[in-house]
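Thanks for making the time, everyone; I would like to walk through one model with you, slowly and with the definitions stated as we go. Please have a look at the structure before I start.

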Amino acid sequence: MKALRKFIDKIKPNFEAGGKLEMFHSVFEGLETFLFVPNTTSRSGVHIHDNIDSKRAISVVILALIPALLFGMYNVGYQHYLAIGQDAGFVMTFLFGLLAVLPKIVVAYVVGLGIEFTAAQMRGHEIQEGFLVTGMLIPMIVPVDTPLWMIAVATAFAVIFAKEVFGGTGMNIFNVALVTRAVLFFSYPGKMSGDNVFVRTSDTFGLGAGSVVEGYSGATPLGQVAVNAGDALNLTNIVGEPISLWDSFVGLIPGSIGETSTLAILIGASILLYTKIASWRIMLSVFVGGVVMGYICNFFATPAIPGTLLSPWEQICLGGFAFAAVFMATDPVTGSRTQTGQYIYGFLIGVIAIIIRVYNSGYPEGAMLAVLLMNVFAPLIDYFVVEANIKRRQKRAKINA
């Protein structure tokens, strides 16, 4: 690392004011600060000093995403070999998933970072690290069979119109990863839902052979709920075997790459909470809102609305609910800032997510829309909380006077 530091110091003058490559100063500065902690400090305007900066916070979030990402890779391979009726062993199963997911990560990073580097260079701004998390989130919330070009188009649209037009990192009002997911869902619904997009049955990488087993269905559990019309709700995996609550919690079920394992997601949540990077108020409130609404729906259960037949615990273990609660709702940029507002914001996300998935059979997953909807209302919630505090203090001051 010392040799690399010396090399960077040697070429640095070329990128500074008056240097031959001055026009690429933002790009150089972004790469330098990514590799090394900056040795410069703010000279004015700093009122709070802390050892947690954006780079450290982002590093922790990426670390928290790793358990869900690794499990998602394994589950992609597991679903593939289950569909073709083979037992490939842990290594081959994980390798299949790794090769299926890795290109999506690369595409998301190349497109998103490319746009951010270009925007920063055009504005003469520093390159922010925010997309390092977004670029990891995007591949984790899409089906495994989503074409790479679709991910590239949706990522470009989201970065430009949901982030850069608002001023870049820290200025966006919508979660960029969820905007990417929304663009994909509403632009290419056939590739984002249905029975054939959540399980990769084709052997693209030559790691296995075999045709799909008889009775195969790639429908997710929530997809099965949406089309259920009987008096009982019997969830099954892709080969017709019953799915228990434990199976849903562990995550060996079809679904978006990083969203199936509530267990892995909770491991990531513990990292975020231990390091105090994410708001426990939002996280807890989302789960409470989901459970409360789940009980209400289940209390009025009717076969005519299959989603009401799910227990509250099945609701939070299926689909992207847990992933949204831990990694999406807690986004510090697009969520509520006040403590009271965070309780309200999180609770409403949980409630709205269950309402959408239960009472809208055309859209069995509701977490994405719930978070995006509450992104809009987060500033309004904070406004009323602050106004209420101001009025309360004014009233207290009059009484004391």
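Is the crossing of α14 and α15 left-handed or right-handed? The crossing of α14 and α15 is right-handed, a term used when the near helix is turned clockwise from the far one by less than a right angle, with anticlockwise being left-handed.

Before going further, a word on provenance: this is a predicted model, in which local features need pLDDT of at least 70 and side-chain atom pairs count only at pLDDT 80 or more, while totals for chains, interfaces and linings use all residues. Residues are numbered from 1 along each chain as its sequence is written, and side-chain values use heavy atoms, with hydrogens and water left out.

Back to that helix pair, where helices are DSSP runs of H or I with at least four residues, numbered from the N terminus. The axes of α14, residues 339–359, and α15, residues 367–400, come within 9 Å and cross at roughly 150°, the axes being lines fitted to C-alpha atoms over the stretch in contact and the angles running from 0 to 180 degrees between N-to-C directions. That makes α14 roughly antiparallel to α15, the label for angles over 145 degrees. Contact here means heavy atoms within 4.5 Å, and the residues making it include Ile344, Leu348 and Ile352 of α14 together with Leu373, Ala378 and Asp382 of α15.

Let me turn to burial, which means under 20% relative accessible area with a 1.4 Å probe, protein chains only. In helix α13, residues 321–328, eight of the eight residues are buried, so α13 is largely enclosed by the rest of the structure; among them are Phe321, Phe323 and Phe327. Helix α6, residues 148–162, has buried residues including Met150, Ile151 and Val159, and what covers the buried residues of α6 includes α4, α5 and α7.

Finally, there are two loop residues that I would like you to find. Val197 sits in the loop between α7 and α8 and, at 6% relative accessibility, counts as buried. From C-alpha to C-alpha, Val197 and Pro143 are 5.9 Å apart in space, although 54 residues apart in sequence. Ser256, in the loop between α9 and α10, also counts as buried, at 5% relative accessibility. Leaving aside neighbours within four places in sequence, Ser256 is in contact with residues including Pro143, Arg181 and Phe198, and Pro143 is likewise one of the residues that Val197 touches.

Notes:
Angles under 35 degrees count as roughly parallel, over 145 as roughly antiparallel, 65 to 115 as roughly perpendicular and the rest as oblique. Buried means under 20% relative accessible area, exposed over 50%, partly exposed in between (1.4 Å probe, protein chains only).
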